[in-house]
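Please open the model in your viewer and keep the selection panel at hand. The tour below moves from one selection to the next and says what is to be found at each stop.

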Amino acid sequence: MESKKNTISAENLFSPFLGVLIFLALLVTATAVTPSWRQKVRDFFNPEQRKILAKTSGDLTGEGLQITVLKIKTRDHLVLEVYRAESPDSLNLIARVDLPEKRDAYFQLKGNATNLGLVDVDNDGTLEIVAPSFDEQMIARLNIYKFNPATQSFDRLSAPAETEF
């Protein structure tokens, strides 16, 4: 008499393997169509990073004090970080400005394409920070920030209509 208990057939091996494959396919599909799950998976594989997109330096205070501005891209937004040069080897953070948009952009400044610039927009003799970006509808925005010495912070400005860069 032959025993069927000790024989392993291809059907017995394929059945659990096929079940696991179907389960994984359903899990991947559910993750792909559910935005919150998709974002959690993306965040798991792409940890928080800071990437310096641009750096520029100049006198924003009008007092001859050297300021360095960095445009930084994080996973969720764009940030301007402004540093004061206390000495040649030391930079101290004086302000962090979150840009309202999270997509970087470029603009023409004196014939050169740049994504961060220092320009005297309002013709008062002091430089303002100019940082272009794109909003959610991919409409270009020109963010202009002026140093306010009274509050030691940066105020957002609107460019005058006749301004040319």
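Begin by selecting Asn-123, which counts as exposed because its relative accessibility is 67%, where exposed means over 50% relative accessible area, buried under 20%, and partly exposed in between, with a 1.4 Å probe and protein chains only. The model is a predicted one, in which local features need pLDDT of at least 70 and side-chain atom pairs count only at pLDDT 80 or more, while totals for chains, interfaces and linings use all residues. Residues are numbered from 1 along each chain as its sequence is written, and side-chain values use heavy atoms, with hydrogens and water left out.

**Two loop residues**

Asn-123 sits in the loop between strand E8 (117-119) and strand E9 (128-134); helices (H or I, at least four residues) and strands (E, at least two) are DSSP runs, numbered from the N terminus. Its phi is positive, at about 55°, although Asn-123 is not a glycine. Most residues other than glycine have a negative phi. Now select Gln-152, which is not a glycine either and has a positive phi of about 55°. Gln-152 is found in the loop between E10 and strand E11 (153-157), and it is classed as partly exposed because its relative accessible area is 41%.

**The whole chain**

Zoom out and colour by secondary structure: the protein chain has two helices and 11 strands, and along the sequence the pattern reads α-α-β-β-β-β-β-β-β-β-β-β-β. Of its 165 residues, 29% count as buried. The accessible surface of the chain comes to about 11400 Å², of which 57% belongs to carbon and sulfur atoms, the areas being computed by the Shrake-Rupley method with a 1.4 Å probe and, for residues, with only the protein chains shown counting as cover. Among contacts (heavy atoms within 4.5 Å) between residues at least 6 apart in sequence, 40% join residues at least 24 apart.

**Helix H1**

Select helix H1 (residues 10-33), where Phe-17 is found. Phe-17, Val-20, Leu-21, Phe-23, Leu-24 and Leu-27 make a nonpolar surface patch of about 580 Å². Not counting residues up to four places away in sequence, Thr-31 touches Trp-37, Arg-38 and Val-41.

**The sheet E1 to E4**

Next, show the open sheet of four strands, whose order is E1-E2-E3-E4 with antiparallel pairing; two strands pair if DSSP finds at least two bridges between them. Strand E1 (51-58) and strand E4 (90-98) stand at the edges, each with a single partner strand, so one side of each has no neighbour in the sheet. Neighbouring strands of this sheet are turned by 25° against each other on average, direction ignored, with axes taken as lines fitted to C-alpha atoms (for helices over the stretch in contact) and angles running from 0 to 180 degrees between N-to-C directions.

Strand E2 (residues 67-73) and strand E3 (residues 78-87) pair in the antiparallel sense over seven bridges, and here Leu-70 stands opposite Glu-81 in E3. E3 and E4 also run antiparallel and are joined by eight bridges, with Tyr-83 opposite Leu-93 in E4, and a hairpin connects E3 to E4 through two residues.

**Two last selections**

Select Tyr-145 in strand E10 (residues 140-148), which counts as buried because its relative accessibility is 5%. Residues touched by Tyr-145 include Ile-129, Leu-80, Val-97 and Phe-154.

Finish at Arg-103 in strand E5 (residues 103-104), a partly exposed residue with a relative accessible area of 31%. Arg-103 and His-77 are 26 residues apart in sequence and 7.5 Å apart in space, C-alpha to C-alpha. Among the residues that Arg-103 touches are Leu-78, Phe-134 and Met-138.

Conventions:
Patch = residues over 30% accessible without salt bridge, like charges linked within 9 Å, V, L, I, M, F, W, Y side chains within 5 Å. Salt bridge = Lys/Arg side-chain N within 4 Å of Asp/Glu carboxyl O.
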